[in-house]
Amino acid sequence: MLMYQGIGLDRFNEISRARAIHALFACCANVTWAAVLADARPYSDRDALLATADVELLALSQGDLDRALEAVVHEQVSGGSVTELAQITRTRIAQMLGPSEGYPEY
């Protein structure tokens with residue numbers, strides 16, 4: 001994930017499909033989920049990306065959900081629910097994008 005940390009929404013919308021999938025895979029560990037989100041670009045704002053991420057998490061099969069939760073074992077996961085995975089995923093997407101106001105120019 002460090003490779004894509006703080007890339008911003010505009011840059012995320014512009015990177016190649018393969019790189020977008022790679023960046024999103026680091027957020028959820030599900031290639032299908034990542035591909036659907038990458039293919040839905042460009043996103044008008046963060047909320048649109050997060051809403052799509054949530055909807056696509058709900059579409060995961062139980063097996064995919066279990067594998068994604070196993071991939072975030074170092075996170076605080078108590079019940080193994082899609083709600084917990086959504087919270088983790090939202091946090092990771094926020095880290096991927098960086099601050100809403102962007103980083104200062106140096």
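Here are a few friendly notes on one helix pair and the salt bridges in this predicted model.

1. Ground rules. Residues are numbered from 1 along each chain as its sequence is written, and side-chain values use heavy atoms, with hydrogens and water left out. As the model is predicted, local features need pLDDT of at least 70 and side-chain atom pairs count only at pLDDT 80 or more, while totals for chains, interfaces and linings use all residues.

2. Helix 2 against helix 6. The axes of helix 2 (residues 17-28) and helix 6 (residues 82-97) come within 8 Å and cross at roughly 140 degrees. That makes the pair oblique (under 35 degrees is roughly parallel, over 145 roughly antiparallel, 65 to 115 roughly perpendicular, and the rest oblique).

3. Who touches whom. A23, L24, A26, C27 and C28 of helix 2 meet L85, T89, R92, I93 and M96 of helix 6, where contact means heavy atoms within 4.5 Å. By class, this contact has 8 nonpolar, 1 polar and 1 charged residues.

4. R17 pairs with D39 at 2.5 Å, linking helix 2 to helix 3 (residues 31-39) across 22 residues. D54 pairs with R90 at 2.7 Å; here the partners lie in helix 4 (residues 46-58) and helix 6, 36 residues apart.

5. D54 is partly exposed at 22% relative accessible area (buried is under 20%, exposed over 50%, partly exposed in between, with a 1.4 Å probe and protein chains only). R90 is partly exposed too, at 35%.

6. Within one helix. R67 and D64 form a salt bridge at 2.7 Å, N to O. Both sit in helix 5 (residues 62-71), 3 residues apart, so about one helical turn separates them.

Conventions:
Axes fitted to C-alpha atoms, helices over the stretch in contact; angles between N-to-C directions. Helix = DSSP H or I, 4+ residues; strand = E, 2+ residues; numbered from the N terminus. Nonpolar A, V, L, I, M, F, W, Y, C, P; charged D, E, K, R; others polar. Salt bridge = Lys/Arg side-chain N within 4 Å of Asp/Glu carboxyl O.
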